[in-house]
Amino acid sequence: MSKIAIIGAGFSGLSAAAYLCQAGHEVHVYEKNGSVGGRARQLYTDEGYMFDMGPSWYWMPGVFEKFFADFGHTVSDFYQLKLLDPSFDIIYGENDKMSIPENFSKLCTLFESIEKGSADKLKTFMEEAAYKYKTGIDKLVYKPGLSYREFLDMDLVKGVFKLQVFTSFSKHVRSFLSIPN
Ligand SMILES: Cc1cc2nc3c(=O)[nH]c(=O)nc-3n(C[C@H](O)[C@H](O)[C@H](O)COP(=O)(O)OP(=O)(O)OC[C@H]3O[C@@H](n4cnc5c(N)ncnc54)[C@H](O)[C@@H]3O)c2cc1C
């Protein structure tokens, strides 16, 4: 058993601490803020308001499911997920907003109403994104990152151009849609 100090009580520090405790180590987490959560912490004001300081989107749900399963739990032991529809609003100004629907075919209709032909491009974009997500999760995310040899994987080497790791996201999106600069 080792005595281990972790600096920072964000998602990374807390999850690392949980795994190290599970492995039988004595773990101490040091946090400079008055509350845990890091960039995902919540701010409570004296007036009774609560602000989420970071994440809005519940991305990569499988990562959370795997984490809790590793400790014999499920996500629903700790929080309930509720699908929002619309997913979110983009507010351009007073009385000027766009609601983004949860349903994908409604989203395609919205895209098409803004730019003719963009629904098909959105579908292609999503297919590519699914490939990148799957490759990222299967081949990258759970690797410990101790040696470059971990990444000498034929699928990764072959897919490096398909993954577009050297292209900015802005440039990538603009290759699909006519977004003004
Ligand atoms: C505005 C915003 C929106 C976001 N939206 C999303 C989203 O929609 N979906 C999503 O998945 N992600 C989102 N993210 C990203 C997500 O919040 C972060 O990726 C995640 O919280 C990072 O966790 P972390 O533990 O790696 O780092 P951090 O949360 O940064 O944790 C690091 C911790 O270390 C502490 N620390 C640093 N230095 C020291 C020190 N010397 N001594 C003691 N403590 C120290 C910090 O105070 C902090 O608590 C968003 C982030 C922001 C800011």
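Of the 20 residues around the ligand, the nearest are Ser12, Glu31, Arg39, Ser56 and Trp57; a residue counts as near a molecule if one of its heavy atoms lies within 4 Å of it. This is a predicted model, in which local features need pLDDT of at least 70 and side-chain atom pairs count only at pLDDT 80 or more, while totals for chains, interfaces and linings use all residues. Residues are numbered from 1 along each chain as its sequence is written, and side-chain values use heavy atoms, with hydrogens and water left out.

Asparagine 33 places a polar side-chain atom 3.2 Å from an oxygen atom of the ligand. Arginine 39 takes part through its backbone, with an N or O atom 2.7 Å from a ligand oxygen atom. On its own the ligand has 1000 Å² of accessible area, and the protein covers 62% of it; such areas come from the Shrake-Rupley method with a 1.4 Å probe, and for residues only the protein chains shown count as cover.

What kinds of residue make up the shell around the ligand? There are nine nonpolar, eight polar and three charged residues. Here Ala, Val, Leu, Ile, Met, Phe, Trp, Tyr, Cys and Pro count as nonpolar, Asp, Glu, Lys and Arg as charged, and the others, Gly among them, as polar.

**Salt bridges**

How many salt bridges does a search of the whole structure find? The search finds four, a salt bridge being a side-chain nitrogen of Lys or Arg within 4 Å of a carboxyl oxygen of Asp or Glu. The table shows some of them.

| Aspartate 89 | Lysine 97 | 3.2 Å |

Buried means under 20% relative accessible area, exposed over 50%, and partly exposed in between (1.4 Å probe, protein chains only). Aspartate 89 has a value of 32%, so it is partly exposed, whereas lysine 97, at 52%, is exposed.

Aspartate 138 and lysine 134 share helix 4 (residues 118–141), where they sit four residues apart, about one turn of the helix. Helices (H or I, at least four residues) and strands (E, at least two) are DSSP runs, numbered from the N terminus.

Is histidine 172 buried or exposed? Histidine 172 is buried, because its relative accessible area is 7%. You can find histidine 172 in helix 6 (residues 169–174). Leaving out residues up to four places away in sequence, histidine 172 touches Phe125, Glu128, Lys132, Gln164 and Thr167, where contact means heavy atoms within 4.5 Å. With lysine 132, histidine 172 also makes a side-chain polar contact of 3.3 Å. A polar contact is a pair of N or O atoms within 3.5 Å; within protein, one must be able to donate a hydrogen and the other to accept it, and residues adjacent in sequence count only if both atoms are side-chain atoms.

Alanine 23 belongs to the loop between helix 1 (11–22) and strand 2 (26–30). With a relative accessible area of 54%, alanine 23 is exposed. From C-alpha to C-alpha, alanine 23 and aspartate 138 are 24 Å apart in space, and 115 residues separate them in sequence.
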